[in-house]
There are 2 protein chains.
Amino acid sequence: MDKAGILMIISGPSGSGKGTVVNELLKDEQFALSISATTRNPRPGEIDGKHYFFKTKDEFKNLIEENMLLEWACFCDNYYGTPLKYVTDRLEEGRNVVLEIEVQGALQVKEKYPEAVLVFLIPPTLDELRKRLTNRATETAEVIEKRIERAGEEIELIDRYDYVVINERIDEAKRDILKIVCAEKMNVKRNENIKKLFKGESL
Amino acid sequence: MDKAGILMIISGPSGSGKGTVVNELLKDEQFALSISATTRNPRPGEIDGKHYFFKTKDEFKNLIEENMLLEWACFCDNYYGTPLKYVTDRLEEGRNVVLEIEVQGALQVKEKYPEAVLVFLIPPTLDELRKRLTNRATETAEVIEKRIERAGEEIELIDRYDYVVINERIDEAKRDILKIVCAEKMNVKRNENIKKLFKGESL
């Protein structure tokens, strides 16, 4: 079997629990988190190469021009992106890389790196989503309704994803994602060396 | 999630252990074996509708003409095939159907029923395959070499399959196949109803 790791993108509406699921996956040595590049200033305690790769705008634009980002976007006059090399180095080491990213970024990654596995995480029902957002008690009713509306828009793009995982319970969602990783490693497309294995021998 | 079962085709060279793996899967209630139709005469103890659906040649030709077989072939003047309706009835009940079938038949099924999941089972090495065939002690050295040659030919068609499973140990191969089934049930293509679920509610 191919020993290379799998690049897994996890998206999902606010309240789907994707942050928690990603943290659970990262407790497992086989997973590595992708580190983003950004032009924003480091906050106190943030370490270059650990929390972010901090770049000047010129450096960042260079990365874009030289096609060295898996995806990038600009928010509030700051650039954010995913350096390709950091990801491919981890994959070559045999680790799976997890990227928690919104839908547009996920589709950019899939275009540049079609072997990426796109997982869309959803809560079991829309009512449950509303309940989770309400229980956070950090947002106004108006913000919650906007987020739910946005979830409805995001779900329209689900056809572009590979898998949908229902996050009813974190441990089950994690187990489901691990099964997807195992199955993907058995995908024929990732095992083209199998033919050689059978031929290289005494046939 | 879609409750329909998955049609899983298992192929692999003689000596790959596919018969044993299929029997292990069938111990699990979620799996049903497909029952073949044939024009050959029943052997003592064989029950129509359990071991085979026994058909006359005219009946069988009718099934072919009416596109009611997932695949069929003719060996030694007898017809063998897989009735579509028996399979789709089980799938609708939510059971997964397993079909152990050679490569040409598997490709016929995939053409008629693209949702089928094609799994190619292989031994870990060619040496192991030779050892298994030799240990059977039922075939001559010449027959064994022919089977190995045939395995080399079959592996050439592996690109047409979805997954490759290495059968080093039966229990692990079974576990791998169960993971594939779970992952396939989360495949976006099998979950088109998810969008409706999110819309049907109070959005």
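Predicted model: local features only at pLDDT ≥ 70, side-chain atom pairs only at ≥ 80, totals over all residues.
1. Let me start with a helix contact in chain A.

2. Helix H5 of chain A spans residues 126–136, and it packs against H6(A) at an angle of about 145°. The two axes lie 10 Å apart, and the crossing of H5(A) and H6(A) is right-handed.

3. H5(B) passes H6(B) in a right-handed crossing. On the H5(B) side, the contact uses Leu126(B), Leu129(B), Arg130(B), Leu133(B), Thr134(B) and Arg136(B); on the H6(B) side, it uses Ile144(B), Glu145(B), Arg147(B), Ile148(B) and Ala151(B). These residues of H5(B) and H6(B) split into 6 nonpolar, 1 polar and 4 charged.

4. How are the two chains related? Chain A superposes on chain B through a rotation of 180° with 0.0 Å of shift along the axis, and the RMSD is 0.0 Å. The two copies are therefore related as by a two-fold rotation axis. Within chain A, Lys179(A) has the C-alpha nearest that axis, at 2.7 Å from it.

5. The interface is worth a remark of its own. Of the interface residues of chain A, 100% are also interface residues in chain B, so the copies meet through the same surface.

6. On to the pockets, beginning with the largest pocket, which has a volume of about 1000 Å³. Its lining counts 40 residues, and those nearest the centre are Asp162(B), Tyr163(B), Glu184(B), Asn187(B) and Lys189(B). Two helices of chain B, H3 (84–92) and H7 (170–185), each supply at least two residues of this lining. Which of the elements gives the most to the lining of the largest pocket? H3(B) does, with 3 residues. By class, the lining of the largest pocket holds 17 nonpolar, 4 polar and 19 charged residues.

7. The second largest pocket contains about 810 Å³ of space. It is lined by 31 residues, with Lys18(A), Ser36(A), Glu100(A), Ile101(A) and Glu102(A) closest to its centre. In chain A, the elements that each supply at least two residues of this lining are helix H1 (18–26), strand S5 (69–75), strand S6 (78–83), strand S7 (96–100) and helix H6 (141–155). H1(A) provides the largest share, 5 residues. The lining of the second largest pocket divides into 13 nonpolar, 10 polar and 8 charged residues.

Methods:
Residues numbered from 1 in each chain as written. Chains lettered and ligands numbered in written order. Heavy atoms only, no water. Left-handed = near helix turned anticlockwise from the far one by under 90°. Helix = DSSP H or I, 4+ residues; strand = E, 2+ residues; numbered from the N terminus. Contact = heavy atoms within 4.5 Å. Nonpolar A, V, L, I, M, F, W, Y, C, P; charged D, E, K, R; others polar. Least-squares fit on C-alpha atoms with pLDDT ≥ 70 in both. 1 Å grid on protein atoms, 1.4 Å probe; cavity = no way out; pocket = protein on both sides within 12 Å on 5 of 7 lines; lining within 4 Å. Points joined across faces, edges and corners; volume = space filled by probe spheres on them. Axes fitted to C-alpha atoms, helices over the stretch in contact; angles between N-to-C directions.
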